Amino acid sequence: MGSITRRGLLIGGLGTAGAAGLGTYAATKGSGASAPKGAFGAPTPVSPDPGQTVVTKSLTAKPITLDLAGRTVSTWGYGDAVPGPLLRATAGDFLRVTLDNQLPDETTIHWHGIRLRNPADGVPGMTQDPVKPETSYVYEFTAPDPGTYFFHPHVGVQLDRGLYAPLIIDDPNEPGGYDAEWVLVLDDWIDGTGTTPEQVLEKLLANDSGSGGMGGMGGMDHGEMGGMNHGAMDEAEPWGDAGDVTYPHFLINGRPPADPETLRAKAGQKVRLRIINAASDTIFTVALGGHRMTITHSDGFPVEPTETDAFYIGMGERYDAIVTLGDGAFPLVAKPVGKAGGGQAMAVARTGSGAAPGGDASPRELTGRVLIGSDLRPAQAAKLPSRRPDATARLTLTGSMQPYAWGMNGAPFGKNEPLTVRAGQRLRINATNMTMMTHPVHVHGHTFALPSGLRKDTVLMAPMQSFAIDLDADNEGDWMIHCHNIYHAEGGMMIALEYIA
Ligand SMILES: [Cu+2]
């Protein structure tokens with residue numbers, strides 16, 4: 001009975017706010033130590049420091065169409081294409097980005113992974129009012145750390161439309177050592193194919209698993225895969241039940257395998273891959289046929305260079321890799337983990353002549369060594385200074401598919417108690433996944449260290465897995481910690497991290 005009540009509450013929140021839980025944050029906020037929030041008003045203009053380079057950009061969020069190998073679908077995007085335009089700056093630059101909202105809905109932009117000032121973080125009800133249709137909003141912040149990032153809305157399930165784009169912060173001290181750079185944005189796609197992401201969420205919350213684009217849950221999904229696709233079963237193994245939604249398309253840089261992007265360089269050249277998982281519900285295994293990759297960065301931070309055949313990338317994660325290219329045309333494949341519907345994302349890496357690989361190319365590297373990102377070791381420069389934690393907090397991932405109700409610390413967002421920290425503290429968060437699904441846990445405004453010292457802002461937690469993450473509380477404000485499966489987040493799997501006096 002209690003679970004039915006909770007489900008009812010979530011659906012209620014969705015109907016009124018368009019984003020479950022987000023609307024309730026401001027309402028419950030008054031009981032905390034900070035001032036009540038409700039109306040944030042226009043952003044307070046800030047000025048760059050003297051000598052700071054200013055990078056100015058305008059983005060229009062609007063309804064657009066996307067051509068998926070001849071099938072035209074309606075969606076929402078930034079500008080005229082999916083992904084939206086690459087935003088690029090150098091570490092330490094001041095970014096001033098104007099969002100013009102021409103969508104029929106409220107929106108925001110969250111600058112995923114950037115350790116920025118709190119008012120620019122893009123969380124409606126927590127750091128700003130949502131940006132209403134036909135209005136604009138100016139985001140101003142310094143991007144302190146080099147790396148591969150992306151940006152997307154933090155409203156409802158808008159991320160599962162075409163509203164995402166890569167954000168690269170260059171390192172002025174980057175040694176380089178590569179000849180070319182390829183930015184690859186991965187996505188799972190359903191929008192405009194007869195179902196919108198909002199309809200997907202509605203059906204998940206209603207637990208109507210028998211219709212629409214929904215896959216089965218838990219054991220059912222596994223049973224189907226075992227019969228249909230033995231390879232997928234093996235791949236899903238570290239992650240258990242990896243996703244809820246069956247997608248008709250998987251894209252790299254907005255294109256399906258039937259009309260792939262061709263990435264060009266010369267044979268023998270070293271190329272830097274910047275791979276971003278902008279999917280809402282899909283972990284991918286990434287491999288480049290005929291090549292081994294050397295992973296150099298995880299979520300922007302350098303790691304001990306690690307060679308592998310393939311690697312997993314969770315929703316919200318980014319990995320950089322260096323590859324020395326052979327001569328020919330090779331499939332760069334992102335294969336969804338544990339999806340009963342099959343399919344994959346693919347681009348073509350071309351250095352020479354030869355036929356392009358087919359859209360169903362399955363490079364043997366996919367079945368070689370598949371690296372789990374959290375096993376990477378940090379580069380010395382990426383480590384947090386050695387220090388005992390000053391405070392600890394508990395973060396338990398809870399919930400289930402039936403009913404579709406997710407939470408952190410035993411309750412959905414808006415009903416759970418915020419985590420708290422004091423400025424200057426080293427906070428140890430003891431995280432435990434008490435569910436039978438994998439969840440990418442994302443922390444806003446900070447990066448954290450795993451017990452190995454590996455720095456990340458998004459980390460995959462396998463079913464029933466526990467580990468501690470340490471962060472330095474050096475960025476005051478109210479921040480979000482949440483699952484980067486956007487359907488889980490909207491189902492309640494979020495919690496606030498608040499600075500207290
Ligand atoms: Cu999740």
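Predicted model: local features only at pLDDT ≥ 70, side-chain atom pairs only at ≥ 80, totals over all residues.
User: Which residues are the protein donors of the copper ion?

Analyst: Donors are N, O and S atoms within 2.8 Å of the metal (3.2 Å for Na, K and Ca), and sites may look incomplete because water is not among the atoms. Here they are His439 (ND1), Cys483 (SG) and His488 (ND1), lying 2.0 Å from the copper ion, and along the chain they follow the spacing H-x43-C-x4-H.

User: Are His439 and His488 buried or exposed?

Analyst: Buried means under 20% relative accessible area, exposed over 50%, and partly exposed in between (1.4 Å probe, protein chains only). His439 counts as buried because its relative accessibility is 0%, and His488 is likewise buried, with a relative accessible area of 0%.

User: How covered is strand 17, and which strands are joined to it?

Analyst: Strands (E, at least two residues) are DSSP runs numbered from the N terminus, and two of them pair if DSSP finds at least two bridges between them. Strand 17 (residues 318–324) is mostly covered, with 6 of its 7 residues buried. Strand 12 (residues 270–277) runs antiparallel to strand 17 and is joined to it by 7 bridges, with Leu273 opposite Ala321. Strand 14 (residues 293–298), also antiparallel to strand 17, is joined to it by 4 bridges, and His297 has Asp320 as its bridge partner.

User: How exposed is Met464, and where does Met464 lie?

Analyst: Met464 is partly exposed, with a relative accessible area of 46%, and lies in the loop between strand 28 (458–461) and strand 29 (466–472).

Notes. Residues numbered from 1 in each chain as written. Heavy atoms only, no water.
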